[in-house]
Amino acid sequence: LVVSGASVSGLALGPLVPLLLETYGWRGALLLLAAISFNLVAAGALLRPMPVAGEPPGPPKDQPGLVRLLRHGPFLRYALAFVLVDAGYYVPFVHGE
């Protein structure tokens, strides 16, 4: 379920990109695609470790959130998986038109 978004967006953007190019030109189409991609920032901000039992809620006092996140094993494996997927993912909707 986690990585199915790449397939769904590949299917959705295939017919959408030519429509955007005809309507807004190449600059406007790229701006709209960037705006769509920018919405992923909010989703990425939600990726953080679950609180540990017995730990008080709220940000940890000893380490900043990013340092703690970069030492969290499951998150690192998740992030590495997406780096490898994105490195080999061919984006046909960009090159198709």
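**A helical chain and its nonpolar residues**

At a relative accessibility of 6%, Val-17 counts as buried, a term for residues under 20% relative accessible area, with exposed meaning over 50% and partly exposed in between (1.4 Å probe, protein chains only). The model is predicted, so that local features need pLDDT of at least 70 and side-chain atom pairs count only at pLDDT 80 or more, while totals for chains, interfaces and linings use all residues. Residues are numbered from 1 along each chain as its sequence is written, and side-chain values use heavy atoms, with hydrogens and water left out.

Val-17 lies in helix H1, which covers residues 4-38. The protein has five helices and zero strands, in the order α-α-α-α-α along the sequence; helices (H or I, at least four residues) and strands (E, at least two) are DSSP runs numbered from the N terminus.

Together with Leu-13, Leu-20, Ala-29 and Leu-33, Val-17 makes up the largest nonpolar core, of five residues. Such a core is a set of buried Ala, Val, Leu, Ile, Met, Phe, Trp, Tyr and Cys residues joined through side-chain atoms within 4.5 Å. Val-17 and Ala-29 are 12 residues apart along the chain, and their C-alpha atoms are separated by 7.1 Å. Leaving aside residues up to four places away in sequence, Ala-29 touches Leu-20, Leu-21 and Tyr-24, a contact being heavy atoms within 4.5 Å.

Across the whole protein, buried residues account for 9% of the 97 residues. Of the contacts between residues at least 6 apart in sequence, 43% join residues at least 24 apart. The protein exposes about 7900 Å², with carbon and sulfur atoms supplying 71% of it; these areas come from the Shrake-Rupley method with a 1.4 Å probe, and for residues only the protein chains shown count as cover.

An unreviewed UniProt entry places the feature "transmembrane region" at residues 24-47 and 75-93; UniProt annotations may be inferred rather than shown by experiment. Over residues 24-47 the chain is 88% helix and 0% strand, and the end C-alpha atoms are 34 Å apart. Leu-47 is 32 residues from Ala-79 in sequence, and their C-alpha atoms are 9.8 Å apart in space. Ala-79 belongs to helix H4 (residues 73-88) and is partly exposed, at a relative accessible area of 28%.

Leu-66, in helix H3 (residues 65-70), is exposed, with a relative accessible area of 56%.
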